Amino acid sequence: MCTNSSCSKRLARMQDLQDLDNETCWLVKELKSYIAQEADFLPRETGLNIMESAAEVGIAIPVTQFYILYLPFSSVLMCYFDVLLWCLTFIFQNHNGVSAKCRNAKVEDLWSLASFFGFSTQTFVLAVNLLDRFLAIMKVQPKHVPCIGVSCLHIAAKMVEDECNISPTHELIRISQSKFTVSDLSRMEKIISEKLNLELKAITALTFLHLYHAVIVSLTSERGEIPSIERLEAQLKACLCQLIFSKAKPSVLALSVITQEFDALQSLAMLEIVQELQRHLKIIDSELLYWRGLVAKCMTEYSSSECNKPDNKKLVWIVSRRTAQNLHANHFSVPELPTIPEGSWDESESEDSCEDMSCEEDSLCGSPGSDAEGAFFPSEFCNQGRK
């Protein structure tokens with residue numbers, strides 16, 4: 001059994017890596033290497049500050065001043081419409097780019113899409129990193145953000161996921177309910193790759209989260225006090241939905257998530273290990289304390305009932321009235337599956353059966369609600385189907 005003092009001694013001797021086992025030595029070397037490189041993959045802070053200050057641009061324009069200026073030259077009614085048109089033009093054409101609220105909403109959408117397609121946490125975190133790095137160096141109109149977000153997710157998926165797990169591009173666009181085309185997505189991916197100088201592989205907070213978790217597991221046998229990596233990943237994803245956390249160093253943000261979790265669990269032994277690890281990696285106390293407080297605040301908001309958690313949000317399939325009528329008609333026209341004989345299979349029967357099943361698959365797979373979860377079709381469709 002690994003006691004608190006023995007764990008602390010092992011961490012204190014990390015300067016001499018020969019005192020540790022091979023696995024822990026490798027983890028510590030990886031941590032040091034990634035800390036030295038993490039600054040290269042941070043979004044430009046000036047760009048993040050612009051996004052924070054871009055919220056509600058143009059709303060506070062003193063319209064009355066323009067109203068007075070226009071009075072001598074036109075009637076009151078024409079003056080009103082002239083000023084209104086000018087204000088709308090200013091808001092939509094002379095804005096300072098994407099606001100933090102717009103960015104956060106798109107990250108939540110990416111979380112939903114990643115969950116829908118079964119992408120890993122690594123894919124989602126990498127997509128957010130690419131999105132923030134691109135938005136921080138480019139002045140983007142809000143109408144282009146959906147295409148940029150889906151492009152970042154598609155790039156990340158191609159880098160992380162197995163090829164067989166990546167859905168076709170048109171399916172990704174269709175499920176995201178975006179209005180751009182496959183060619184638009186391809187062009188945007190090329191632009192993102194060029195602007196980021198093809199540095200698509202990034203060292204993220206998830207990288208450090210996995211390494212920290214592995215080091216803590218290797219230094220103690222009290223596994224019951226260590227939260228699962230899935231729980232920590234969920235907390236990190238919640239933090240990434242807020243722009244402020246894109247300013248944090250990935251190493252500090254990951255350690256803040258772990259520290260906050262151990263503090264919430266009141267695990268003194270684990271907190272001692274984290275403190276020793278912090279001192280060994282030379283992470284400043286004030287910096288860790290600042291981001292730890294923000295993580296705790298984020299977790300409090302995220303756990304509240306008012307919070308709409310992206311991971312649990314269902315994608316709603318929006319269809320027109322005509323499409324809904326067609327879906328309603330097709331719902332009752334689906335033939336029943338043929339009865340499978342209990343005896344031995346006949347070659348001709350098996351071919352016929354396979355052909356019938358494939359025909360039915362074609363009739364069902366055209367809409368993503370065929371699993372009868374009720375997430376895509378109105379409840380009355382399912383209810384009528386059971387009559």
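Grid points are joined across faces, edges and corners, and a volume is the space filled by probe spheres set on the points. Bear in mind that this is a predicted model, where local features need pLDDT of at least 70, side-chain atom pairs count only at pLDDT 80 or more, and totals for chains, interfaces and linings use all residues. Residues are numbered from 1 along each chain as its sequence is written, and side-chain values use heavy atoms, leaving out hydrogens and water.

**Second largest cavity**
- Its lining is Phe117, Phe119, Leu153, His154, Ala157, Ile166, Ser167 and Leu172.
- Helix H8 (residues 145-160) supplies the largest share, 3 residues; helices are DSSP runs (H or I, at least four residues), numbered from the N terminus.

**Largest cavity**
- This one holds about 170 Å³ of space.
- Of its 16 lining residues, Asn129, Ala205, Leu240, Phe245 and Ser246 are the closest to the centre.
- H7 gives the most to this lining, with 4 residues.

**Thr121**
- Thr121 sits in helix H7 (residues 121-135).
- Thr121 counts as buried because its relative accessibility is 12%, and buried means under 20% relative accessible area (1.4 Å probe, protein chains only).
- Beyond its neighbours within four places in sequence, Thr121 is in contact with Leu206, Glu233 and Lys237, contact meaning heavy atoms within 4.5 Å.

Methods:
Helices (H or I, at least four residues) and strands (E, at least two) are DSSP runs, numbered from the N terminus. Buried means under 20% relative accessible area, exposed over 50%, partly exposed in between (1.4 Å probe, protein chains only). On a 1 Å grid over the protein atoms alone, a cavity is a set of points where a 1.4 Å probe fits but cannot get out, and a pocket is an open set with protein on both sides within 12 Å along at least five of seven lines; lining residues have an atom within 4 Å of a point.
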